[in-house]
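Good morning, everyone, and thank you for making time.

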Amino acid sequence: MENSKQMRTWLDDMKLDHPLVIAGPCSAETEEQVLRIANELKDTDVNYYRAGIWKPRTRPGMFEGVGALGLKWLQKVKSETGMKTCTEVANAAHVKLALEHDIDLLWIGARSTVSPFIMQEIADALAGTDKIVLVKNPVNPDLALWLGGIERLYTADIKNLGAIHRGFSTYEKTKYRNIPEWQLAIEFQNKFPDLPLINDPSHITGNREMIFDVSQTALDLNFDGLMIETHFDPDNAWSDAAQQVTPSKLIQIMKDLKIRKESDTEAEYNSQLSNLRAQIDVLDSQLIDMLGKRMKISDGIGALKKQKNVAVLQSNRWNQILGAMILEGEAKGLSEEFVLRMFKAIHQESINHQEKIINA
Ligand code: PEP
Ligand code: MN
């Protein structure tokens with residue numbers, strides 16, 4: 001099914017000629033810091049000014065935010081610069097304070113989305129509001145949990161909703177702080193095509209050098225906007241120092257990003273696209289056919305191992321396959337990351353097939 005946006009949302013009503021941009025520091029640190037960054041971001045394409053007031057930190061003893069005091073600083077940002085403001089809320093008390101201080105947009109952090117109790121508490125506290133509420137994906141790659149959180153808000157009659165994709169934690173060491181799992185975000189768009197979806201490259205990358213590339217990928221995938229942490233002195237920020245960019249860097253990023261249209265009606269473009277897609281469809285069928293054949297061979301290996309009572313997993317053999325495939329993949333322009341993921345999935349399926357036979 002084509003992903004078509006049909007409902008008008010708060011974002012359409014903004015009538016922007018560029019993706020939505022939310023920017024500002026990870027944390028509000030001092031009144032001067034909050035106002036200085038806001039002043040450097042006003043009169044740019046930034047639509048909302050962010051600053052975390054209550055900071056969810058993984059371990060105690062780190063800077064946990066300035067608390068309600070920071071809400072007054074955000075009010076000052078609004079009166080001095082005219083910028084709209086936003087902050088993270090993580091319980092009913094936060095919601096009450098944020099509403100009292102007329103924060104324009106609230107977001108729910110990844111560590112809150114994982115908890116249905118917290119989501120329900122926030123939904124109840126926000127019931128009927130016309131503020132914009134954005135729900136970050138949960139820390140774990142669980143699409144249902146993300147959707148469930150949004151449904152709780154929707155059921156509480158919160159109409160101006162959206163989502164933020166900030167990546168997922170993983171035990172594996174990768175170049176990302178939180179792996180994007182783009183496929184999951186695409187599935188999210190298919191489930192809720194009308195819900196504005198914002199990308200947060202700061203928490204995905206954890207590294208300011210990678211912010212541009214991840215932002216561009218997000219725009220290439222039809223994301224509606226970006227949330228980018230911005231600080232005039234990133235290295236000395238009180239939280240998330242490595243991933244924040246300076247206001248001037250942010251302006252450069254926004255200038256360099258290529259904004260893609262969702263589609264085009266020109267006949268020549270559409271005929272070439274159909275042709276290429278037809279080729280992809282043929283190859284995809286072949287891939288499935290080959291994988292089916294490969295698993296039949298695994299079944300044969302399973303039967304042999306059963307006869308001799310040999311273990312399913314043979315680590316040496318597996319490492320050999322992986323090494324060889326990474327090299328072959330490289331020669332065909334496939335990234336090591338992709339080849340590893342693909343072969344891990346194939347290997348797991350192979351093990352499942354053999355297990356079934358050995359234990360039959
Ligand atoms: C944040 O936006 O500063 C934040 C804490 O994000 P997340 O919930 O994605 O970790
Ligand atoms: Mn942060």
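Before we count anything, let me say that Ala, Val, Leu, Ile, Met, Phe, Trp, Tyr, Cys and Pro count as nonpolar, Asp, Glu, Lys and Arg as charged, and the others, Gly among them, as polar. With that in mind, the shell around ligand 1 is made of four nonpolar, two polar and seven charged residues. Please remember that this is a predicted model, in which local features need pLDDT of at least 70 and side-chain atom pairs pLDDT 80 or more, while totals for chains, interfaces and linings use all residues. Side-chain values use heavy atoms, without hydrogens and water, residues are numbered from 1 along each chain as its sequence is written, and chains are lettered from A and ligands numbered from 1 in the order in which they are written.

Which residues come nearest to ligand 1? Of the 13 around it, they are Arg50, Lys55, Ala110, Lys136 and Arg166, where being near means having a heavy atom within 4 Å. A polar side-chain atom of lysine 55 lies 2.8 Å from an oxygen atom of ligand 1, one of arginine 166 lies 2.6 Å from an oxygen atom of the ligand, and one of glutamate 229 lies 3.3 Å from an oxygen atom of ligand 1.

Technical notes. Polar contact = N/O pair within 3.5 Å; in protein donor to acceptor, adjacent residues only side chain to side chain.
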